[in-house]
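Hi everyone, thanks for making time this morning. I'd like to walk you through one model, so let's get it up on the screen.

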Amino acid sequence: VITKLTSKLEILTRNDYKNIDYKIALGKEKSTLLPLNTFDKVIIRNSFHHFSYPDDMLRNCKALLKDGGKLFIVDVMLN
């Protein structure tokens, strides 16, 4: 999983002209283990439905945001 993600992030970094810094962070079931009050945006994409403890993770994601920061959840499930 980490190898696939690393490859995708390398492609994004090469093709992104907005100077966005992409990094991999492996968290736990209830926490991202990322520094609090650090991010302007947190994006959860195509994974929220896999969270074992969604309420705990959402609380943690809220704590990651700076004042005025935004949390985006994009989670599409197809039948």
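Here's a question to start: of the contacts in the chain with a separation of 6 or more, what share comes from residues 24 or more positions apart? The answer is 65%. Do keep in mind that this is a predicted model.

Now the layout. We have two helices and two strands, and along the sequence they run α-β-α-β. The C-alpha atoms fill a box of roughly 35 × 35 × 20 Å along the principal axes. Of the 79 residues, 13% count as buried. The accessible surface is about 6800 Å², and carbon and sulfur atoms hold 56% of that.

On to the core. The largest nonpolar core has six residues: Val42, Ile44, Met57, Cys61, Leu64 and Leu65. Two elements, E1 and H2, each give two or more residues to this core, with H2 giving the most, three. Take Val42 as an example: beyond its neighbours within four places in sequence, Val42 is in contact with residues including Cys61, Leu64 and Leu65, and also with Phe72.

E1 has the largest share, seven residues. By class, the lining has 20 nonpolar, eight polar and 10 charged residues.

That's my tour, and I'm happy to chat.

Note on methods. Residues numbered from 1 in each chain as written. Predicted model: local features only at pLDDT ≥ 70, side-chain atom pairs only at ≥ 80, totals over all residues. Heavy atoms only, no water. Helix = DSSP H or I, 4+ residues; strand = E, 2+ residues; numbered from the N terminus. Nonpolar A, V, L, I, M, F, W, Y, C, P; charged D, E, K, R; others polar. Core = buried A, V, L, I, M, F, W, Y, C linked by side-chain atoms within 4.5 Å. Buried < 20%, exposed > 50% of the residue type's maximum accessible area, 1.4 Å probe, protein only. Contact = heavy atoms within 4.5 Å. Areas by Shrake-Rupley, 256 points an atom, 1.4 Å probe, with all protein chains shown as cover.
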